[in-house]
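This briefing is meant for someone meeting the structure for the first time. Please look over the sequence and the model below, and then read the points that follow, which are grouped by topic.

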Amino acid sequence: MAGRVDLDGNPIKPITICMIGAGGFIGSHLCEKLMSETPHTVLAVDVYSDKIKHLLEPASLPWNGRIQFHRINIKNDSRLEGLIKMADLTVNLAAICTPADYNTRPLDTIYSNFIDALPVVKYCSENGKRLIHFSTCEVYGKTVGAFLPQDSPLRQDPAYYVLSEDASPCIFGPIEKQRWSYACAKQLIERLIYAEGAENGLEFTIVRPFNWIGPRMDFIPGIDGPSEGVPRVLACFSNNLLRHEPLKLVDGGHSQRTFIYIKDAIEAVLLMIENPARANGHIFNVGNPNNEVTVRQLAEMMTQVYSKVSGGSPLETPTIDVSSKEFYGEGYDDSDKRIPDMTIINRQLGWNPKTSLWDLLESTLTYQHRTYAEAVKQAMSKTTAN
Ligand code: NAD
Ligand code: UDP
């Protein structure tokens, strides 16, 4: 850690970071990185700590004292302002961010992503503290290309689908498609943060993650989360593979996504944390444009990779089709394609993702198999016995 310098060659001073949502998927990886590679201190705020308990105990770990856990629900806890004041920087990750909730719990989704973030922005602005706020690639909504005729050659033109922070419009579906409650709440908080920057001088950075995936993402239903819960696609497909059942393709699995390995993405966040002069005032796409697949292709690749890492035979019927209404309920809608423009993050931070989709699935599914295979087997044999 000695002699660490920023991108402009200046020594990096240790800082205190108030990390809200530190107990989640991204938070757990960011805490791990900050503890193992930097001298910074983390005030970790969340309602859960399971995913970071390896960092909090035992007290003899080398970073003992540099991470403190505060079990706080930011909806209603007056300790939040004190923690933001104690820190040099606040990183806000807290959110409801699983698509199955957007159309079924739209009020909770809007409150979590907009209303609950308001005090965080306000305390940062009023106390002159820097804020890194996690938004989403979903603020882009659908691509312009999605509205062209199916056979239009313009659909192949990147100008109609590449998503760029300072040029692309945000295109959501109608209000009755409640899927967009999340994207809309995230967009409004982005606008509010941007306006705090413009009118009151708030030093901010906004991150738009493009499908970050890896170990510790979400939960396996019935094992470390509710049996009826619907997590994001990595955990849904992992659950199917662990149970040796076909992977469910929503509306044919035609939607396209670019997946990035969490460890690559965390490198980008660390650069933002340690290079405020280059990151402040910017909105950054963080994704891997080289890892694009349809959801169907993702299912096929995960089936192959899982067979390799588990040593089991591949499924005879790897996928089944399911309608979005059946899978998510009324009001679901989808983003068609998500390719991040990388110009701004390249220019400001010189960052590029490294890990291929195959490699990131191999390490992630190795983790899923080691962590869950035995528990799933036991749960399944109990169900059969009953
Ligand atoms: P996550 O659900 O694993 O983590 C969110 C954490 O916030 C959870 O631990 C949760 O307990 C905590 N939290 C929620 N409400 C809280 C409250 N009221 N008080 C205290 N803690 C609260 O999700 P994640 O994947 O780590 O995502 C983090 C952020 O990144 C979110 O804002 C999400 O919208 C954004 N994001 C992530 C992705 C991705 O690819 N993982 C994509 C787009 C956007
Ligand atoms: N999806 C699917 N089967 C599943 C879970 C998700 O086909 O079991 C699809 C979903 O409809 C979407 C994509 O996978 O098109 C990615 O879903 P995810 O929940 O990861 O979130 P999103 O990228 O839509 O924000």
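## Helix packing, sheet and a buried lysine

In this predicted model, helix α8 (residues 233-242) packs with helix α11 (residues 295-310) at an angle of about 45°, and their axes are 11 Å apart. Because angles from 65 to 115 degrees count as roughly perpendicular and those under 35 as roughly parallel, α8 is described as oblique to α11. The points below continue with this helix pair, then turn to the sheet, the helices lying across it, and one lysine.

**The α8 and α11 pair**

- The crossing of α8 and α11 is right-handed.
- On the side of α8 the contact is made by Val233, Leu234, Phe237, Ser238, Leu241 and Leu242, while α11 contributes Val295, Leu298, Ala299, Met302, Thr303 and Tyr306.

- Seven strands form an open sheet in the order β3-β2-β1-β4-β5-β7-β12, and their pairing is parallel.
- The edges are held by β3 (67-71) and β12 (282-286), each of which has a single partner strand, so one side of each is left without a neighbour in the sheet.
- Direction ignored, neighbouring strands of this sheet are turned by 15° against each other on average.

**Strand β5 and its partners**

- Strand β5 (residues 130-134) runs parallel to strand β7 (residues 204-209) and is joined to it by four bridges; within this pairing, Ile132 has Thr205 as its bridge partner, and Phe134 stands opposite Val207.
- β4 and β5 also pair in the parallel sense, over four bridges, and here Leu89 stands opposite Arg130.
- Five of the five residues of β5 are buried, with Arg130, Ile132 and Phe134 on one side of the strand and Leu131 and His133 on the other, so that both faces are covered.

**Helices across the sheet**

- Helix α1 (residues 25-37) lies across β1 (16-20), β2 (41-46), β3, β4 (89-92) and β5, and runs at about 165° to β1.
- Helix α6 (residues 118-126) lies across β1, β4 and β5, and runs at about 160° to β5.

**Lys142**

- Lys142 is found in the loop between β5 and β6 (162-163).
- Since buried means under 20% relative accessible area, Lys142 qualifies with a value of 18%.
- Leaving aside residues up to four places away in sequence, Lys142 touches Phe147, Ile171, Trp180, Asp333, Asp334 and Asp336.

Notes
Residues are numbered from 1 along each chain as its sequence is written. Chains are lettered from A and ligands numbered from 1 in the order in which they are written. This is a predicted model: local features need pLDDT of at least 70, side-chain atom pairs count only at pLDDT 80 or more; totals for chains, interfaces and linings use all residues. Side-chain values use heavy atoms; hydrogens and water are left out. Two strands pair if DSSP finds at least two bridges between them. Helices (H or I, at least four residues) and strands (E, at least two) are DSSP runs, numbered from the N terminus. Axes are lines fitted to C-alpha atoms, for helices over the stretch in contact, and angles run from 0 to 180 degrees between N-to-C directions. Contact means heavy atoms within 4.5 Å. Angles under 35 degrees count as roughly parallel, over 145 as roughly antiparallel, 65 to 115 as roughly perpendicular and the rest as oblique. A crossing is left-handed if the near helix is turned anticlockwise from the far one by less than a right angle, and right-handed if clockwise. Buried means under 20% relative accessible area, exposed over 50%, partly exposed in between (1.4 Å probe, protein chains only).
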